[in-house]
Amino acid sequence: MEALEIARWQFGITTVYHFFFVPITIGLSFLVAGLELAWVRTRNEKWLRLTKFFGKVFLINFAMGIVTGIVQEFQFGMNWSDYSRFVGDIFGAPLAIEGLLAFFLESTFLGLWIFGWDRLSAGVHNACMWIAAFGTALSAYFILAANSFMQNPVGYTYNADRGRAELESFTDVLTNKVVLITLPHTLFGAFMVAGGLVAAISMWWLIRRRPVDADAFRSSLRLGAVTLLVAGVGTIVTGDIQGKVMTEVQPMKMAAAEALYETEQPAPFSILTIGSLDGHEPFYQLEVPHLLSYLATGDWNAEVQGIDNLQAEYEEEFGPGNYKPYIPVTYWTFRAMITSGALAMMIGLWMLWSTRGGRVPRGDRRWPVWLAVAAPLLPLAANSFGWIFTEMGRQPWLVFGLMRTEDGVSPNVGAGTVLTSLIVFTLLYGALAVVEVKLLLTAIRKGLPEVDPDNETGKQPDDRPMAFAY
């Protein structure tokens, strides 16, 4: 394998692995803030115990997310130096603000939340968690703004002498139509994962450890299931809008998602397409008439451009070359994303139905436990498949219309070096996965902590040092 192929594998592995922690961190931070708000407003002890329990799960995940994110920065500099040089002027501003502002909010106020349980008033303490949660969303926004430039370059001028894109309008970069719809879609996806995780843990306790803390876990289960369902609806709505924006700025990606080879008007939606292994041509297609026209444009009878027609158009605009992404990957990851999200919503519905009126599924059956395990894994898989589709559907472009992927790789880093770092990162990530799972299972099995509400709200003497609360 050449250095380019190995570098692409390394980027894919490190990005997907890091992204396992991102949606959990974003979604769970808001849910923990909400649980604590419920305690502040009601003074019901169960909300305080749930806050500390799921707060610990959140902190474990947050720490792992930071570690895996650092590796991301490293591999950008090592494997993609030409790409970093080309977009450095554009990416510098949003990524710097992400580090100086968003991550500052997250880390500073999360630190106050961890160490301030017995030092800050209940309202101020809860405000710290809300600010930290807002920081995670703000961090996602700036990172998505940088990524959206790769999908739809705006706010730049091309400096031919230096061979790089240079920032012309920071406002245009931050208000890129792609980031404005990608952000809510990503946040709703994160809430689906966090809601599924909270519901799954609560369901496991209700089935396996009943009647221990049944009232508290039943409340958190229904909170998680409702979050999963509401976020699922939000994901569908924003995904529909995102599809129309994607068709406008990257029509080849939409055509590849549907394996639509010829331009059609109206265009059908492909439920199932079986094609050649290289995705060059379809053998069998099961379709819904008119549906793709609506999903792509909002008009049931509109024209949707096909892969072969766009290939000819791009050859004329950009010169000879293959401008088709790998069709089987884009087609099946798009469907895997939708199917995983839909199945997760069905499990959320089942959770609400099975716990109506104080009911709880029987503990002598295995399938309810397996459904609970799938509740966070399915939306997590949907998030990952969505990212793979987004990045693979843009190929062969690294920055759409400006830089091809093969032109962004580091020219002086050999295949052996990249392969070595890939092996090291894979082993490191494998070890981190073992640590993450062990820490999470240990925290979950301990159950809800005992608390003394009178000692949690700044009623301790002022001369006591701040201490770690877990």
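Which residues in α4 meet which residues in α6?

1. Basis. This is a predicted model: local features need pLDDT of at least 70, side-chain atom pairs count only at pLDDT 80 or more, and totals for chains, interfaces and linings use all residues. Residues are numbered from 1 along each chain as its sequence is written, and side-chain values use heavy atoms, with hydrogens and water left out.

2. Contact of α4 with α6. From α4 come Ala137, Ala140, Tyr141, Leu144, Ala145, Ser148 and Gln151; they meet Val178, Val179, Thr182, Leu183, Thr186 and Leu187 in α6. Contact means heavy atoms within 4.5 Å. By class, this contact has 9 nonpolar, 4 polar and no charged residues. Nonpolar covers Ala, Val, Leu, Ile, Met, Phe, Trp, Tyr, Cys and Pro; charged covers Asp, Glu, Lys and Arg; the others, Gly among them, are polar.

3. Geometry of that pair. Helix α4 (residues 122-151) and helix α6 (residues 177-208) pack at about 135°, axes 9 Å apart. Axes are lines fitted to C-alpha atoms, for helices over the stretch in contact, and angles run from 0 to 180 degrees between N-to-C directions. α4 and α6 are therefore oblique to each other. Angles under 35 degrees count as roughly parallel, over 145 as roughly antiparallel, 65 to 115 as roughly perpendicular and the rest as oblique. Helices (H or I, at least four residues) and strands (E, at least two) are DSSP runs, numbered from the N terminus.

4. α1 and α2. The axes of helix α1 (residues 3-42) and helix α2 (residues 45-79) come within 7 Å and cross at roughly 155°. The two helices are therefore roughly antiparallel to each other. Their contact has 21 nonpolar, 16 polar and 1 charged residues. Arginine 43 lies in the loop between α1 and α2. Its phi is near 60°, a positive value in a residue other than glycine.

5. α3 bends by about 70° at glycine 88. The bend is the angle between axes fitted to the seven residues ending there and the seven starting there. In α12, a kink of about 35° lies at alanine 375, shortly before proline 376.

6. Cis peptides. The bond from glutamine 265 to proline 266 is cis, omega near -5°. The bond from glutamine 395 to proline 396 is also cis, omega near 15°. Proline 396 lies in the loop between α12 and β5 (397-399).
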